[in-house]
Amino acid sequence: MDVKNGLRSEMVLLMLCVESHHTGECVFYHRLCCATTMNRTPGILIAIPAYNEAGTIAAIIGRVRDSLPDYDLLVVNDGSSDATGQILETLDATVATHMCNLGYGRAVQTAIMYALECGYDALVTLDADGQHQPEQIESLLREFRKEGWDVLIGSRYVAARGYRGAPLGRRLGMQLFSVLVKLIIGRRVYDTSSGLKIIRRTVFEPLTHWHFVDFHAEAIVYLMRLGYRIGEFPVTVAERTQGRSMYTPINYFKYPLKTSMLVLLGIIEAALTRRRHRS
Amino acid sequence: MSLQGVLVLNLIALALLLWVLNLIRHGRLYVGYGVIFVIATLGTMLLVSVPKLQTVLTHVIGAVFPVSALTLLALCFIVLMLLYTLTQLTIVSNRLSKLVQELAIERARAAALRGDAEPRGLRNELSE
């Protein structure tokens, strides 16, 4: 297909997409657009938010494909300025590209919105930096199905409480928010900042309606206050070997302040939502 | 500062605090800006309520007279203008983010349909 025809067909498809959104009647197109209903393992989408992860993204996608060949895979390229975009073009994955960098929280939200629009039953998120082991997702999914969790967090602290892989500042932050969650909810969630999560469809809508920083402690408190079940499952996490962490030194000050504020507001918002639903 | 001045300023600060929190809750003020406003407001309330603290701060920064109530009221006006500007900025920023997200999703769906990055489920179905 030449470039001109390619562009024209993309325009037609986009117009069809927009039209189907407005009329709400194009079920056939919806099925064709979103492969989920035709999937061999229906309803599970694996999503990887990626920002400047050229060094690791190919290996991660390869490992996901090897260990979970039957699941659909979405990579959210969050406006990467390195070669991540070009690498993704050569790989076997659906790519949603942000035209500019919106941040980790927005990238996860894009994955949730995609999963919601395409009718997936559950969404698995994992980081693109190679710290999470895609090979462990299958056991996570078994636990998710068995216990019927609404959100299941792959936690590095359930089995090994003394995990030392993360920098001291981040470990302190995680301890702080773990204690905060315990004080508010009455149950300890050890790894509030894990990027490895399984999210059930029922939770998609609350997560897209309200705003979160990184879907960490603030999202956990908000969802638990709304009555959703959140569990943790032990996973092992490798140390980052390439690329840069999204937590810069200034984030060690900004992140706890922003998250604490959203935790507080999340409690209020959840209470108001519950009251609205009751009335 | 008189007791009346302290009460008025604290009431204004409290109203500002509640307004900021409500703006964040509705997504009309970016939480990063909100944090700065909340810290600044709480700091001002503390400074206004504890006269000794005000004297110490005046001494530390090398000023001759403590800040007057009138100056603080003028600052309140500037803060309100700033808050309004940042709220508008947040609203525009949210709209842009939403647009970028929607565009990314629609393009991903179109690519999946075209077969550029054919989801495995779709490929299996078509081959059958």
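Predicted model: local features only at pLDDT ≥ 70, side-chain atom pairs only at ≥ 80, totals over all residues.
A:F215 belongs to the loop between α8 (201–209) and α9 of chain A, and although it is not a glycine, its phi is positive, at about 60°. A:N52 counts as buried because 20 other C-beta atoms lie within 10 Å, and 20 is the number at which a residue is classed as buried.

Among the contacts in chain A with a separation of 6 or more, 75% are accounted for by residues 24 or more positions apart.

The nonpolar interior comes next. In soluble globular proteins, nonpolar side chains tend to be buried together. Here the largest nonpolar core has 95 residues, and those with the most contacts inside it are A:L74, A:A111 and A:L123. The largest share of this core, eight residues, comes from helix α4 (residues 69–114) of chain B. Leaving aside its neighbours within four places in sequence, A:L74 is in contact with residues that include A:L45, A:A47 and A:A111 from chain A, together with B:A108 from chain B.

The last element to follow is helix α10 of chain A, which covers residues 251–278 and, with its 28 residues, reaches 39 Å from its first C-alpha to its last, close to the 40 Å expected at 1.5 Å a residue. Its buried residues include A:Y255, A:K258, A:M261, A:L265 and A:E269, and what covers the buried residues of α10(A) includes α7 (168–185) and α9 (217–225) of chain A, as well as α1 (3–25) and α2 (31–49) of chain B.

How are α10(A) and α1(B) oriented to each other? Their axes come within 10 Å and cross at roughly 80°; because angles of 65 to 115 degrees are classed as roughly perpendicular, the two helices are therefore roughly perpendicular to each other. In this contact, A:M261, A:L265, A:I268 and A:E269 of α10(A) meet B:L21, B:I24 and B:R25 of α1(B), and the residues of the contact divide into five nonpolar, no polar and two charged.

Technical notes. Residues numbered from 1 in each chain as written. Chains lettered and ligands numbered in written order. Helix = DSSP H or I, 4+ residues; strand = E, 2+ residues; numbered from the N terminus. Expected span 1.5 Å × (residues − 1). Buried ≥ 20, exposed ≤ 12 C-beta atoms within 10 Å, placed from the backbone. Contact = placed C-beta atoms within 7 Å. Core = buried A, V, L, I, M, F, W, Y, C linked by C-beta atoms within 7 Å. Axes fitted to C-alpha atoms, helices over the stretch in contact; angles between N-to-C directions. Parallel < 35°, antiparallel > 145°, perpendicular 65-115°, else oblique. Nonpolar A, V, L, I, M, F, W, Y, C, P; charged D, E, K, R; others polar.
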